[in-house]
Amino acid sequence: MVAMKARVPSSAGSSCVKDLREGPRARPKHAMPEPKQIKTTRRTYTREKVASLAPWLRGPVPPTLVFSDTHLVPCVKAWTDDAPDDLLALFQALSGHELLSLGDLTESVGLRRAQRAQLFRCERLRPLWGLMRARGARMLIGNHDVSGEGLIRGYFGDEAVFSRETFPREAFPGELRVRHGHEAERGMTELVRRVGPLAVPIYEHAFRLSGRGPERIANAKVLNTLAGEQGFHLFGHTHGRALEVSDPEPWANPGCFLRSAQSFLTIEGMEISLYVG
């Protein structure tokens, strides 16, 4: 089921994405370090790990919130686990940060067509979607977004939505490589898309009963697809948070942002931080 991965062309997508160094929220070269705690109106997040990205950057990065695997749905079901109000509060607390989703923004594959149609119409998600669009959020398409990709592009615009292949390397001033993490499993992605409305609720119920969590897939499975690729890798997909700069393949995963587990990354200047709440 695992396909050979393709290397990302350095010029891919450069015509439709502004450099993250540009824009009204970019800060001076000597940016302030991120705080040890981030407090929102709903929760407090503690910095679990911090590291320098200097070996992989040619210049400072403006404040950027990197999150993944939010699996948003238009209405609460017994099997769903999203946390749109907590996510909105985080965006509001980090009002000067760029917003970058590494994928699985929605749980589109677990929804039937009529339910998917409400993703960008429902009142439940309207404040969150509006803020993201107003802030110029960027996002990768994850394997759980594929059934709703057209809706996502229709709301945010093609210029805000990317795959691993189209996310431009020059979006960051250096060697930061961005992907969701499922890209080597195209066969499985298509299978889950086809059976998702039946399979995803069953899987989610079973996972919750197992008492495991939050990691769904071993990070090593994604890392095995990166062997030999240069740079610092950012990916989601597994729900397992991590920040590792000493591995042969330096990498970070923001984890997931759900009711049951919440973590994320921030990048500012030459520094990357992992937060958990």
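Reply: In this predicted model, the largest nonpolar core has 36 residues, and the members that touch the most others are Phe-67, Phe-91, Trp-129, Met-132, Phe-156 and Phe-264. Two or more residues each come from strand S3 (61–67), helix H1 (84–93), helix H3 (126–134) and helix H4 (149–156). As a background idea, nonpolar side chains in soluble globular proteins tend to be buried together.

Let's start with H1. Of its 10 residues, 7 are buried, so the helix counts as mostly covered. Those residues are Pro-84, Asp-86, Leu-87, Leu-88, Ala-89, Leu-90 and Phe-91. Their cover includes S3 and H3, along with strands S1 (37–39), S2 (44–52), S4 (98–101) and S11 (263–269).

Now look for rings. The structure holds 14 aromatic pairs, and one of them joins Phe-67 with Phe-91: the pair is tilted, with 5.3 Å from centre to centre and 55 degrees between the planes. Phe-67 belongs to strand S3 and Phe-91 to helix H1, 24 residues apart, so this pair links distant parts of the chain. Phe-67 counts as buried because its relative accessibility is 1%, and Phe-91 counts as buried because its value is 0%.

Next, find Phe-264. Beyond its neighbours in sequence, Phe-264 touches several residues, including Ile-38, Leu-65, Phe-67, Leu-90 and Pro-254. Ring pairs also link Phe-264 into a cluster with Tyr-45, Phe-257 and Tyr-275.

Key
Residues numbered from 1 in each chain as written. Predicted model: local features only at pLDDT ≥ 70, side-chain atom pairs only at ≥ 80, totals over all residues. Heavy atoms only, no water. Core = buried A, V, L, I, M, F, W, Y, C linked by side-chain atoms within 4.5 Å. Buried < 20%, exposed > 50% of the residue type's maximum accessible area, 1.4 Å probe, protein only. Helix = DSSP H or I, 4+ residues; strand = E, 2+ residues; numbered from the N terminus. Contact = heavy atoms within 4.5 Å. Phe/Tyr/Trp six-rings, centres within 6.5 Å; stacked < 30°, edge-to-face > 60°. Lists of a residue's contacts leave out its neighbours within four places in sequence.
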